[in-house]
Amino acid sequence: MGNHIYIIIWIIILSGILGGLINFFLLFTSQNDTKILWWVLLIKSILLGLGASLIVPLFLETISSNIMELSKSDSFPEKRYFVIAGFCLLAAIFSKRFIEDVYTRIMKAEKDSQEAKQIVKEFENSKTEIDDDEETVLSFKTSFTKGFDGDKENVKRVVRAILQSQYSYRTLSGIAKETNLNKEIVANILTTLKANGFAESKQNKQGSYVWKIIIK
C-alpha cells in the first residue's frame, strides 16, 4: 500500500511536468505575442501542468471514481497506473481549461449541496407535527401577557393560524385572511410576540416578511 501511494505521487508529478512541456510547445508555436519570453512561458506551462495534475485526485473524487484504488482482483492491476498517468497527462496539457472546469464543478456541487440542505430543512420544518397544537395555543394565551394590552383571543387566533398551517412560515396577509383580522392588528400581535421571544420573522424572495411561532 505504501509503494502504491508513492507510485501515484510520482505519476502525478512526472505527468504534470511532461504535460506542461507539451503545453509549452503547443503554445510556443502558436504564440503571436513576442513580448512573452520563452522561459517565462515554459515555467508557466510547467506550473500549470503540475497544478492540474495535482487536482486530478480531487476531480476523480467528485465523480466518485475509484481508479486510484489498487484492486488485487484484477489480473493486471498495474494497468491502473497507465490510466492514471494518461489522465494526469491530459489534464496537464489542457491545464487552464481543466482547472477552470474543476473549479466550476466544485462550486456548483457546493451550491447544490447547500440548496439541498436548505430544502430538506424547510421540508422537515413544514412536516414537523406538533404533539398537541391546541395545548400550545392555550399556553401562549395564558403565558403571553407582558407587553400586550389587546384582546387575548386575537393572539390565540393568530398563533393557531400559524401553528396549524402546512407552511413553516406564514405571510401577514395570509394570517389576516384566515383569522379575519385587520393586518395592523395581526402585525401588532406578531411584533409583540417577536419582542417577547415567541415568534421570528424573515424576508422571503419577494421581500415580504413571513412569520413563524417559536415553541419553547
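S201 counts as buried, because its relative accessibility is 19% and buried means under 20%. Welcome to this structure, which is a predicted model.

**Around S201**
- S201 belongs to strand β2, which covers residues 199-203.
- The side chains of S201 and K194 are joined by a polar contact of 2.8 Å.
- Beyond its neighbours within four places in sequence, S201 touches K194, Y209, V210 and W211.

**Aromatic rings**
- There are three aromatic pairs in the structure.
- F24 and F25 form an edge-to-face pair, because their planes are at 65°, with ring centres 5.1 Å apart.
- Within that pair, F24 is buried at 6% relative accessibility, whereas F25 is exposed at 52%.
- F59 and F87 make a tilted pair, since their planes meet at 45°; the ring centres are 5.8 Å apart.
- This pair links distant parts of the chain, with F59 in helix α2 (residues 38-62) and F87 in helix α3, 28 residues apart.
- F59 is buried at a relative accessible area of 10%, while F87 is partly exposed at 28% relative accessibility.
- F59, F87 and F98 are linked into a cluster by ring pairs.

**A charge over a ring**
- K202 places its charged end over the ring of Y169, 4.3 Å from the ring's centre.

**Helix α3**
- Helix α3 runs over residues 79-93, and its 15 residues should span 21 Å at 1.5 Å a residue; the end C-alpha atoms are 21 Å apart, which agrees.
- Its buried residues are R80, Y81, I84, C88, A91, A92 and I93.

Methods
Residues are numbered from 1 along each chain as its sequence is written. This is a predicted model: local features need pLDDT of at least 70, side-chain atom pairs count only at pLDDT 80 or more; totals for chains, interfaces and linings use all residues. Side-chain values use heavy atoms; hydrogens and water are left out. Helices (H or I, at least four residues) and strands (E, at least two) are DSSP runs, numbered from the N terminus. The expected span of a helix is 1.5 Å times one less than its number of residues. Buried means under 20% relative accessible area, exposed over 50%, partly exposed in between (1.4 Å probe, protein chains only). A polar contact is a pair of N or O atoms within 3.5 Å; within protein, one must be able to donate a hydrogen and the other to accept it, and residues adjacent in sequence count only if both atoms are side-chain atoms. Contact means heavy atoms within 4.5 Å. Rings of Phe, Tyr and Trp (its six-membered ring) pair if their centres lie within 6.5 Å; planes under 30 degrees apart count as stacked, over 60 as edge-to-face and the rest as tilted. A charge sits over a ring if NZ of Lys or CZ of Arg is within 6 Å of the ring centre and within 35 degrees of the ring normal.
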